[in-house]
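Subject: Structure for you to look over

Dear colleague,

Here is the structure I promised to pass on, with my notes set out below it. Please read them with the model open beside you.

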Amino acid sequence: MAEPLKHLIGPHTARDTADAVARAWGPFDHAAFLTDTLPGIDSLELMQRGQCIADALRRHLPGDFETAARILSDCLPAPEASGLSGWALLSFNQYIARHGRGHLATALDLLKALTPHFTAEFGIRPFIAEEQDAALAVISSWVLDPNHHVRRLASEGTRPRLPWAMRLPQLVVDPTPILPILEALVDDPEDYVRRSVANSLNDIAKDHPDLVADFVERHAKAASKERLWLLKHASRTLIKKGHGKALANFGFAALTDVTATVSLSNDSIPFPGELTFDIRLSNTGAETRTVLVDYAIHHQKKDGSLSPKVFKGKSLTIGAGESVTITKRHAFRPITTRVYHPGMHRLEVMLNGGQVAIWDFHLNMPKGDKG
C-alpha cells in the first residue's frame, strides 16, 4: 500500500529543520522549537504539517524578516555544503509567503534561491497578487537566469490559474503583463521550462481564447519542432473546444467539402458495456484535406439534462474523392470520476471542431443501479 502523502513531512522534517537553523544561527533554541512542533505534527495533513513548522519558525527566529531571511538562506544547500532541500522547504515557502509582505525584494530573492531545491511557485504568488507590477519587474529578469528551475519559476509561478494554488485574479482578467515572460521562454532549451510555458498559455486560453490563438499564430512561423509542440500543447483546450483559429493554426481549417456519416452497432448499450460506432468520411472536393476527428459523449445527468465531454480522436488526410471509415469503441464502466445514469445519451462527431453528426442512444442499467 502506498505511503500517505502527508508522511513526506513529519517529525524527521522538524528535526532536520531545527538542525539546519541551529547551524545557521547560534542563538536558535533547538529544544524549544522541537517542543513546539513534535507533539502535534503527526495528527496533521500535509500542508498543515508544513504550516506547523512555519509557525514555529516565526516564534523562534528573529522578528525582523530581513534578519530571518538571511538565516533561512544559510540553511539552503551551497557549493561544498549540504543544507535543507525537498519537502523540508515547504515550510520555508509558507513562512516567506506569510511574513515577507512588505519586503518584496528580499522575499523574492530568497524564493529564487530556494527554487533549485524545492519549488517556490506557491510562495511567490501572494507577492504577485499584492504588488503585481513590482513583483513582475523582478520575476521578468529570471528568464535569463542560467538555472532552469529559476526560469521555470518565472513562468510557472505567474500562471493565472495554477492548480492547487491561489488564483491571480488580476492576471485572469488581463494576462498581458506575463506575455513577455512567456515569449522569452518559448524556445528555452529545457523541456521542463517549455512545458510550463505551454501550461500557462493554456490557462490563459480558458479566459482569453483569441489572445492565445493570436499568440500561437505569431510564434508558429518558422518554428522549430520543439516550439511547435509547445504551441500545440498550449492550444489543447482551444482545439478540444473547436476554436476556429486555433484549429486553423495547425492546418485544420473549416471543412465544406468533407462529409461524415455515423452508424452505431447498437443504440441500446448495457452498463457496463461498449458503444461501437463507425464514422465514414468522404472528401467530395478537388483537394486533399487534413481532418481532425473528435467526438463527444453527452452524458445524462441526474436531472435528465445532458452534459458533454469531448474525447480526442485522430488526425488524418483524405485525398480528393476518397472515403475513409474509422471505427471507434467507447467503454462505459464504473469509474471514480463519473456517476452514470440510465437513459438517453448522445454521440456527437466533430470534424476540425465543427459538429457534423449527432446520434442518440440509450444506456441501460440494472434496476436501482447507477455507475
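A residue is called buried here when its relative accessible area is under 20%, exposed when it is over 50%, and partly exposed in between (1.4 Å probe, protein chains only). By that cut-off, buried residues make up 46% of the 371 residues in the protein chain. This is a predicted model, in which local features need pLDDT of at least 70 and side-chain atom pairs count only at pLDDT 80 or more, while totals for chains, interfaces and linings use all residues. Residues are numbered from 1 along each chain as its sequence is written, and side-chain values use heavy atoms, with hydrogens and water left out.

Overall form

The protein chain has 16 helices and eight strands, where helices (H or I, at least four residues) and strands (E, at least two) are DSSP runs numbered from the N terminus. Its radius of gyration, taken over C-alpha atoms, is 26 Å, well over the 21 Å that the globule rule (2.2 Å times the number of residues to the power 0.38) gives for 371 residues, so the chain is more spread out than a compact globule. Along its principal axes the C-alpha trace of the protein chain spans about 80 × 55 × 35 Å. Taking a contact to mean heavy atoms within 4.5 Å, residues 24 or more positions apart account for 67% of the contacts in the protein chain with a separation of 6 or more. The protein chain exposes about 17800 Å², of which carbon and sulfur atoms supply 52%, the areas coming from the Shrake-Rupley method with a 1.4 Å probe and, for residues, with only the protein chains shown counting as cover.

Grid points are joined across faces, edges and corners, and a volume is the space filled by probe spheres set on the points.

About 460 Å³ of space lies in the largest pocket. It is lined by 19 residues, of which M47, L90, Q94, F122 and W164 are the closest to its centre. Helices α3 (46-60), α5 (90-99) and α7 (125-130) each supply at least two residues of this lining, and α5 gives the most, with five. The lining of the pocket divides into twelve nonpolar, five polar and two charged residues, with Ala, Val, Leu, Ile, Met, Phe, Trp, Tyr, Cys and Pro counted as nonpolar, Asp, Glu, Lys and Arg as charged, and the others, Gly among them, as polar.

The structure also holds one cavity of 30 Å³ or more, and the space in the largest cavity is about 40 Å³. Its lining consists of I279, V293, Y295, G313, K314, I326 and K328, with β4 (289-300), β5 (306-318) and β6 (323-332) each supplying at least two residues.

S200, which is found in α12 (residues 191-205), is buried with a relative accessible area of 0%; leaving aside its neighbours within four places in sequence, S200 is in contact with S155, R159, P160, I178 and L182.

W164 lies in the loop between α9 and α10 and counts as exposed, at 86% relative accessibility. A165 is placed in the loop between α9 and α10 (169-173), but counts as partly exposed, at 21%. Not counting residues up to four places away in sequence, A165 touches F122 and R125.

Backbone points to check

Most residues other than glycine have a negative phi, and most peptide bonds are trans. Phi of W164, however, is near 70 degrees, and that of A222, in the loop between α13 (209-220) and α14 (225-234), is near 55 degrees. The peptide bond from F271 to P272 is cis, with omega near -5 degrees, and P272 lies in the loop between β2 (268-270) and β3 (273-283).

With best wishes

Note on methods: 1 Å grid on protein atoms, 1.4 Å probe; cavity = no way out; pocket = protein on both sides within 12 Å on 5 of 7 lines; lining within 4 Å.
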